[in-house]
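Have the sequence and the 3D view ready.

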Amino acid sequence: MSVCEYLIKPKLRSYGIRVPKGETADTPEGAEKAAARLGPCVVKAQVPTGKRGKAGGILRADDPTQAFAAGRAILGMDIDGHRVKKVLVEEQVPVSIECYAAVLSDAPSQGPLLLFSTMGGMDVEEAMQQDPDAVRRIFVNILDGLDFTQASKAVAGLKLDGADDSVCKALVGLYSAYRDLDADLIEVNPLAISISGDVVALDCKLALDEASSERNPAAASLKSAEPLTAIEKEASAAGLKYIELNGSVGVLANGAGLTMTTMDAISHFGGKPANFLEIGGEAYTRATEALKIVLKNPNVRSLVVNFCGAFARTDVMTEGVIRGWLDLDPRIPVFFTIHGTGDREAVALVRTRLGIQPFELMDDAVRAAVAAAEGGAG
């Protein structure tokens, strides 16, 4: 679960990380009034996704009139399937150095990983392509945590305008927030060193472990602060991880990674995903229930079913989808791509029960679904 920036900034402040002064607004007039109080500012779209700047969702404003225009331009935008309903208006901070800092759950090391770079303000993937050594990596022992000495290793030898200690304190605070919030990822980009020498988190991203909210009040408070649609509320009550988006291609896949990959493929081939919905682990037998949730979105005009089985059998998941499909009898085209444990049986089920031939390649299934959603040949 991703959390909007305006909810994360107060949390960072509570861990000793400086953030710009800011106010939220849901109208252009509200942005204008905030700018009158803050002075030169930045108006930022508040949606739970990244790359807002590239989408035109972050604009500078030197006076209230410009802030009004920025609010009018940003509010109502669609960014990665999210409609912008709120903006964060923050004071401008004169920057000397832009850094990148993140703590994430690292599968290969089976523990937290601290990333730090002086190539902030850009995609970390792009920075690593330009210079593989540009990003420092500190593997953290989950039992010991991150202390000042370890954080110092991340900044050793870098030119930080004498702000080394302040940066290290910010990194320790960032790790503490990651730990206490049960985060999968907490990222600050840029973590800026201002002209006055302050270390300031200008932007931040937080992804929470969905399973932690019941036992973690801090994580639950962030989750409850994000307004849910009617379908999202129903999915949450059913124990399904579902996020409603503004696209027209429905997605039903097992596992968060495969679901995100399918969504990325839909966007790559010119479509827009209608949802994120992960079924996996204990939920692998709940395909029928998940299908009902996906199809409740009236914007869905086609559906991609993408299953890849390891411990979970794809034929069990597919059987559930088929039962649900026959019960609901939806009037939209569906495109299957199935691989892994039980895939031969699953493909045969789809072919015999639904009269549909699954695609061998995910890309082909996605292309067909995008074309169908746009009214083309499926």
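## Asp-315 and its contacts

The side chain of Asp-315 makes a polar contact with the side chain of Arg-313, at 3.0 Å. A polar contact here is a pair of N or O atoms within 3.5 Å; within protein, one must be able to donate a hydrogen and the other to accept it, and residues adjacent in sequence count only if both atoms are side-chain atoms. This is a predicted model, where local features need pLDDT of at least 70 and side-chain atom pairs count only at pLDDT 80 or more, while totals for chains, interfaces and linings use all residues. Residues are numbered from 1 along each chain as its sequence is written, and side-chain values use heavy atoms, with hydrogens and water left out.

Asp-315 sits in helix H11, residues 314-328 (helices are DSSP runs of H or I, at least four residues, and strands are E runs of at least two, numbered from the N terminus). Asp-315 has 15% relative accessibility, so it counts as buried (under 20% relative accessible area, with exposed over 50% and partly exposed in between, using a 1.4 Å probe and protein chains only). Leaving aside residues up to four places away in sequence, Asp-315 touches Thr-341, Gly-342, Glu-345, Ala-346 and Leu-349 (contact means heavy atoms within 4.5 Å).

## Over at Gly-255

Gly-255 is found in the loop between strand S15 (249-253) and helix H9 (256-268). Its relative accessible area is 19%, so Gly-255 is buried too. Gly-355 is 100 residues away from Gly-255 along the chain, and their C-alpha atoms are 26 Å apart.
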